[in-house]
Amino acid sequence: MGGREPLVIPDLNEHELTKDMDVTKAFGGGSLIGAPIYLKNGKKFGTLCGMDNNPYNFNEKDIKLFKSLATLLTYVIDLDDSYQQILKLSAPIVPLLQGVAILPLIGEISEERGDYISTMIIKEAHKLQLNHLIIDLSGITNVEREFFYLLNLVDAMKLLGIEALFTGMRPDLARKAIKDNQRLDHVSFFGNLQQALSHVGIKLTV
Amino acid sequence: MDMIDHKSLNEASEAVFQLLKDSIGINTFFIAKNDGITVDILSVENRNKILLEKGFQIDFQDSY
């Protein structure tokens with residue numbers, strides 16, 4: 001289906017486009033209406049369709065409704081798209097020196113984002129052949145309980161030969177962790193980035 | 001095919017199908033994603049008869 005106008009076929013067995021198609025024969029005829037859904041960038045995403053196995057006379061109002069709803073869906077799809085992009089941008093691993101990288105986490109860590117970050121970190125850290133990854137928490141605004149699963153990353157990374165170090169733990173996060181009885185004895189925390197760097201053997205001279 | 005999660009679209013489609021069902025007397029409403037190669041049925045609403053199911057995938061060439 002091409003074009004921006006809805007395709008309307010009251011009777012599949014009569015319409016020039018569809019009467020000889022295998023799918024029409026298999027289906028035994030019927031009716032079809034389809035309004036194209038476009039993305040904001042002008043690319044076609046797909047179609048909002050209606051169909052029946054009986055012929056149906058679509059009136060002007062029906063066609064208009066399909067067209068309007070298809071346009072509305074453009075915005076919804078765009079929202080999904082933007083959210084995915086934000087997820088992808090939300091965990092930037094910054095390589096510092098051979099084998100050492102920093103991951104500054106900012107914003108709100110929801111369960112979904114926490115999951116995404118965990119998967120991404122393991123993949124990236126392995127790809128970059130890291131020995132140490134410093135995860136800075138000071139930019140985090142709000143966390144769900146699930147955030148603390150991020151700390152389980154430490155074990156997964158250990159298996160890959162990577163040491164995870166946390167910096168920038170804030171008092172409110174610390175309180176939450178203790179309240180939730182998180183086991184933290186296997187996780188290395190440092191007060192600031194400088195201390196973490198010096199732990200891995202990097203000295204900053206000013 | 002890219003792995004974009006259509007969470008909002010899935011939620012919105014329920015309302016869209018309801019509106020269509022209340023206004024137009026045909027059996028099936030659906031949203032199809034079409035990348036020029038395959039057609040993916042992302043969500044479906046059947047009134048009485050199951051004419052189409054979610055997850056159905058066909059070649060672009062064989063589809064309408």
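**Where the strands meet**

Start by selecting strand E3 (residues 44-52) of chain A along with E1(B): they pair in the antiparallel sense over six bridges. Pairing here asks for at least two DSSP bridges between the strands, and helices (H or I, at least four residues) and strands (E, at least two) are DSSP runs numbered from the N terminus. Click on Met51(A) next; its bridge partner in E1(B) is Thr28(B).

Before going on, note that this is a predicted model, with local features needing pLDDT of at least 70, side-chain atom pairs counting only at pLDDT 80 or more, and totals for chains, interfaces and linings using all residues. Residues are numbered from 1 along each chain as written, while chains are lettered from A and ligands numbered from 1 in the order written.

Now pick Leu48(A), Cys49(A), Phe66(A), Leu69(A), Ala70(A) and Leu73(A), which touch the most other members of the 30-residue largest nonpolar core. Such a core is a set of buried Ala, Val, Leu, Ile, Met, Phe, Trp, Tyr and Cys residues joined through C-beta atoms within 7 Å; buried means 20 or more other C-beta atoms within 10 Å of the residue's own, with C-beta atoms placed from the backbone.

Which residues does Leu69(A) contact, leaving aside its neighbours within four places in sequence? Show Leu48(A), Val16(B), Leu19(B) and Leu20(B), contact being backbone-placed C-beta atoms within 7 Å.

Last stop: another core, of 22 residues, lies apart from that one, and Ile117(A), Leu130(A), Leu150(A) and Leu153(A) are among its members.

Notes. Buried ≥ 20, exposed ≤ 12 C-beta atoms within 10 Å, placed from the backbone. Contact = placed C-beta atoms within 7 Å.
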